[in-house]
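Subject: Structure handover

Hello,

Here is the structure for you to look at. Some notes on what was found in it follow below.

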Amino acid sequence: MGLDGEVWRLMRQDELLGEIVLDEADFPWLRGHFIPTPTFGEVKSWFDETLALMDAEEYGQFDGAYDRIADTLSLVAPSGAVAEFLLHISDDRAWFRWSDEPFEDG
């Protein structure tokens, strides 16, 4: 798909929290190596919590927990910030889907 090696950035306002170096595309998901900055530790527990809720199939609670990520952080493609994203991070791996338009509720 030609995305290998692209670098996406996880941001909190103007602060870089980490980079994702893409190495796999399986539409609609992109996957890559996650390289955190030291400040990523301030939000790491948010990602740990959402993964635990997914594993426990607690989808109603997942939505509320993920809102904190979506409302506070942004994902920036090489071409610029995306309108909406669903991002998971575990250890040194990240996988996400994104859209130039807001996701439909429902």
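Which residue takes a positive phi in the hairpin of strand 6 and strand 7? Asp91 does, with a phi near 55 degrees, and the hairpin has 2 residues between the strands.

Before the rest, a note on the source. This is a predicted model, in which local features need pLDDT of at least 70 and side-chain atom pairs count only at pLDDT 80 or more, while totals for chains, interfaces and linings use all residues. Residues are numbered from 1 along each chain as its sequence is written, and side-chain values use heavy atoms, leaving out hydrogens and water.

Strands are DSSP runs of E with at least two residues, numbered from the N terminus. Two of them pair if DSSP finds at least two bridges between them. Strand 6 (residues 84-90) runs antiparallel to strand 7 and is joined to strand 7 by 7 bridges. Within this pair, Leu86 has Arg97 as its bridge partner. Strand 7 (residues 93-99) also pairs with strand 3 (residues 29-36), in the antiparallel sense, over 4 bridges. There, Gly32 stands opposite Ala94.

Ser99 is in strand 7. Is Ser99 buried or exposed? Ser99 has a relative accessible area of 18%, so Ser99 counts as buried (under 20% relative accessible area, with a 1.4 Å probe and protein chains only). Leaving aside residues up to four places away in sequence, Ser99 touches Val82, Ala83 and Glu84; contact means heavy atoms within 4.5 Å. A polar atom of the Ser99 side chain lies 2.6 Å from the backbone oxygen of Glu101.

Regards

Methods: Buried means under 20% relative accessible area, exposed over 50%, partly exposed in between (1.4 Å probe, protein chains only). A polar contact is a pair of N or O atoms within 3.5 Å; within protein, one must be able to donate a hydrogen and the other to accept it, and residues adjacent in sequence count only if both atoms are side-chain atoms.
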